[in-house]
Amino acid sequence: SGLAQNPASEQLLLRKATVLQSMQQYEAAAAAADSVLIINKNNDAARNLLIRLQDFLSKNRVGIKYDYSHFDKQFTDAWHMMSVDYTRQTGIGAFTGRVNYAQRFAHDGFQYELESYPRFSKTFYAYAAAAYSADTFGVFPKWRLGGSLYANLPRAFEAEAGIRYLHFASDATGNDFYTIYLGKYYKQFLFGVRTYLTPDPGATTQSYNAMGRYYFGGIDDYVHLLAGYGISPDDRQNSSLININTGNLRTYKGEVILRKQFRRRNILILNASLINQEFARGAEVLKGNQVQAGIGYIRRF
């Protein structure tokens, strides 16, 4: 009745989208949220809702990605990594199977990965992942395990707390990493901070990241900027360095990601990063630069 009297009301359209989401009428919910953004592209609550709805609108997703890394000092050979994945959206959340291939340290290897995002309610959902590699040269961790609990909070905040575990073939035991993330949607922006900490004093013990994302179109149209310190266990391209860059070695990273949707269900991803890292300490500190570039494609259907 309210929309009949005031069809351009942001608050009523957003309430309608939220109710339709609860009724699992995802197409109608997305249409209502889209109407809010047409009226006011800075409505962060509507954008946040659309992001949560996206996986329900397309039951299947396939993706392919390639990354190239060049080192000016630490390694003479460039690194190459390619991944192929398939995601299926179910009634309890999204499930992904992924195969990763990489050339590093003058060797190549494969990694097989499963991950899921089960949902418990409108507020809470989780992340669970497991990856295995038979590689013995450190191209990939032998085991990678991860789990997190996410919460969609009031005022367009989001939060995460979780744990990651990496075990390389050369390790007697693996390393645990605890992660905390806090993000905030504001108009056409998403801002977030994340840290990874491990209680092992002999490992790369700290990683901090700050990010900002600007949505210039739909939810798959954005520019993402990241600045960080340390090596992240979630960085598929560089987590192998955790196995060899032990001790309190400093790493600084800057990255930019462009994600653009075209013809509705196709998504192009471009990324580039510059990493400055110490790789040895003795009489003098040795450090170098790593330049990384990547391209990816996702098809929803």
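This is a predicted model: local features need pLDDT of at least 70, side-chain atom pairs count only at pLDDT 80 or more; totals for chains, interfaces and linings use all residues.
Q: Why are α2 and α3 called roughly antiparallel?
A: The axes of α2 and α3 (residues 26-39) come within 8 Å and cross at roughly 160°. Angles over 145 degrees count as roughly antiparallel, and therefore α2 is described as roughly antiparallel to α3. The crossing of the two helices is left-handed.

Q: How do you know that the span of α2 agrees with its 13 residues?
A: At 1.5 Å a residue, α2 (residues 10-22) should span 18 Å, and its end C-alpha atoms lie 19 Å apart, which agrees.

Q: What places the buried residues of α2 on the same side?
A: The residues concerned are Leu13, Leu14, Ala17, Leu20 and Gln21. They cover an arc of only 125° around the axis, so they fall on the same side of α2. In an α-helix, residues three or four places apart point the same way, because there are 3.6 residues a turn. Exposed Gln11 and Arg15 are carried on the face of α2 turned away from the buried side.

Q: Which residue just after α2 takes a positive phi?
A: Gln24 does, with a phi of about 60°.

Q: Why is Asn209 called buried?
A: Asn209 has a relative accessible area of 15%, and buried means under 20%, so the term applies. Asn209 is located in strand β10 (residues 206-215). Its contacts beyond four places in sequence include Gly192, Tyr196, Leu226 and Tyr229.

Methods
Residues are numbered from 1 along each chain as its sequence is written. Side-chain values use heavy atoms; hydrogens and water are left out. Helices (H or I, at least four residues) and strands (E, at least two) are DSSP runs, numbered from the N terminus. The expected span of a helix is 1.5 Å times one less than its number of residues. Buried means under 20% relative accessible area, exposed over 50%, partly exposed in between (1.4 Å probe, protein chains only). The arc is that of the directions from the helix axis to the C-beta atoms. Contact means heavy atoms within 4.5 Å. Axes are lines fitted to C-alpha atoms, for helices over the stretch in contact, and angles run from 0 to 180 degrees between N-to-C directions. Angles under 35 degrees count as roughly parallel, over 145 as roughly antiparallel, 65 to 115 as roughly perpendicular and the rest as oblique. A crossing is left-handed if the near helix is turned anticlockwise from the far one by less than a right angle, and right-handed if clockwise.
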